[in-house]
Amino acid sequence: MSRPGFLLSAWPWRAAAYLLTGAATGIAALVGIVTVAAVCGALAIVLVGLPLLVVVALSGIPVAWVERRRLRLVDRNPVSGRHQVPTAPGLWAWLTTRLREQGTWRELGYTLLFAGLLWPVDALAITVALLLPLSMVATPLLMATVGDGHEAKVLKEWTVATWPTAFGVAVLGLLLMGLGAYVLGATAGARAELARLLIASREGELAAKVVELARSRARLVNAFEAERRRIERDLHDGAQQRLVALTMALGLARLDAPPGPLADQLTRAHEEAVKALAELRELIQGIYPKALTDYGLHAAVADAADRCVVPVDVDLELPGRPTEAVESAAYFVVCEALANVAKHSGADRAQVSGGHRDGRLFLEVRDDGCGGADPSAGSGLTGLADRVSVLDGRLALTSPPGGPTLLRVEFPCELTEAADRSA
């Protein structure tokens, strides 16, 4: 409404349509409630009032359904109206579910308020802000048709007998229509906000937000893993192959060069290329190890344990493979834990154990070091915890001073049949 083009937009007419349909719907709701109450009151003589209670309690459901669709006229954000799903099929289960949930009674309260108070407000706003100014704008037309060019009644109160006066009243009506557009917008906005407050399903909206957050988080995890794989593939198929070719070329040139300063420079260049190739291979291995893709978590953890400077015992019992996101996160948790063992623990031996039980993958990394691990000291545990939580997992660390240190991580997941994913 604060925008300059509000009067020329469709919003005043949308607000008028919302209030006009509100008045019509309110009258229909009032007539329906009175009719149902009368019919159920007659039946209550036989069935001791149960029909009246049930039918009146459920009468808010169709009214709220209509109101949610009317709100689309003035509210672009959809209003959630999710009801609980019955626990069993059949009419009785549906009735008991509806009568027990809070949303049914909120909708009934809104229906009673709508039928008793709100629709007269809608009708009054339409009459004052739209119909009266329109009747003033139509004064020249009324004077030309009904009054035969001699006189016309304005608002059934004042008589207009001259054409200048008739056109002046019409101009005044146009000005009042502009002011009435803001009245209609404000009234429709207040009515829509009240309706949203009373009939919107708080549980449904919250559940929808939670589901969307979970889906977006899963999409981010999958996108992150896909990007990691792309980087690893590009390095493996691009930069590494070029570096291998360069190393071979330098090696052949060194063999063909006669002894002297040129041969010495080629030798040093060849050695540097070999070192760069080794570092690149380690980098690729750290980004996404091929053993993890081809053979699974057990083989990748065993390979990481072999490369650790501290002797590591591996005891994993995995009859299948988890999802790629869980498998990748679990592997990098183990790698980071083993790196911390090698750098900070002073341990003589470490152990990686784990398995799958009750729908959860669990891993434990234990060492006999000095303990005292602090996640806030830059050990990377905070980042690991964030990565685990993205997959709804949990990470726990026990590291008293003097040791031992135990890192435990759990992921909710199901295992699939072990298979080669290299393709």
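A: Begin with the charged pairs. This is a predicted model, and it holds 11 salt bridges.

Q: Which side chain meets R307 in a salt bridge?
A: D303 does, with N to O at 3.2 Å. Look next at the spacing along the chain. R307 and D303 sit 4 residues apart in helix α11 (residues 297–307), so about one helical turn separates them.

Q: How accessible are R307 and D303?
A: Both terms come from relative accessibility. R307 is partly exposed at 47%. D303 is partly exposed at 26%.

Q: With which residue does R360 form a salt bridge?
A: With E410; the closest N and O atoms are 3.1 Å apart. R360 lies in strand β6 (residues 360–367) and E410 in strand β8 (residues 405–412), so this pair ties together parts that are 50 residues apart in sequence.

Q: Are R360 and E410 buried or partly exposed?
A: Take them one at a time. R360 is partly exposed, with a relative accessible area of 24%. E410 is buried, with a relative accessible area of 13%. The cut-off for buried is under 20%, so E410 falls inside it.

Q: Which residues are linked with R360 and E410 in a network of salt bridges?
A: E364, R366, R394 and R408 are linked with them. Pick one member and follow its partners. The side chain of E364 meets that of R366 in a salt bridge, 3.7 Å from N to O. E364 also makes a side-chain polar contact with R408, at 2.4 Å.

Q: Where does E364 lie, and is E364 buried or exposed?
A: E364 lies in strand β6. At 16% relative accessibility, E364 is buried.

Q: What else does E364 touch, not counting residues up to four places away in sequence?
A: Skipping those neighbours brings out contacts from elsewhere in the chain. E364 touches Q351, V352, S353, L406, L407 and R408.

Q: Which side chain joins that of E67 in a polar contact?
A: The side chain of R70, at 2.7 Å.

Q: What is E67 in contact with, leaving aside its neighbours within four places in sequence?
A: Read the list by residue type. Y18, Y110 and F114 are among the contacts, and so is R191. A195 and I199 complete the list.

Q: Now the cysteines. How many disulfides does the structure hold?
A: It holds 0. To see why, check the sulfur distances.

Q: Why is C335 too far from the closest cysteine sulfur for a bond?
A: Its sulfur is 9.7 Å from that of C308, which holds the closest cysteine sulfur.

Q: Is C413 buried or exposed?
A: C413 is buried, with a relative accessible area of 8%.

Q: Which points should I revisit in the viewer?
A: Start with the network that links R360, E364, R366, R394, R408 and E410. Then go to E67 and its 2.7 Å polar contact with R70.

Technical notes. Residues numbered from 1 in each chain as written. Predicted model: local features only at pLDDT ≥ 70, side-chain atom pairs only at ≥ 80, totals over all residues. Heavy atoms only, no water. Disulfide = S-S within 2.5 Å. Buried < 20%, exposed > 50% of the residue type's maximum accessible area, 1.4 Å probe, protein only. Polar contact = N/O pair within 3.5 Å; in protein donor to acceptor, adjacent residues only side chain to side chain. Contact = heavy atoms within 4.5 Å. Salt bridge = Lys/Arg side-chain N within 4 Å of Asp/Glu carboxyl O. Helix = DSSP H or I, 4+ residues; strand = E, 2+ residues; numbered from the N terminus.
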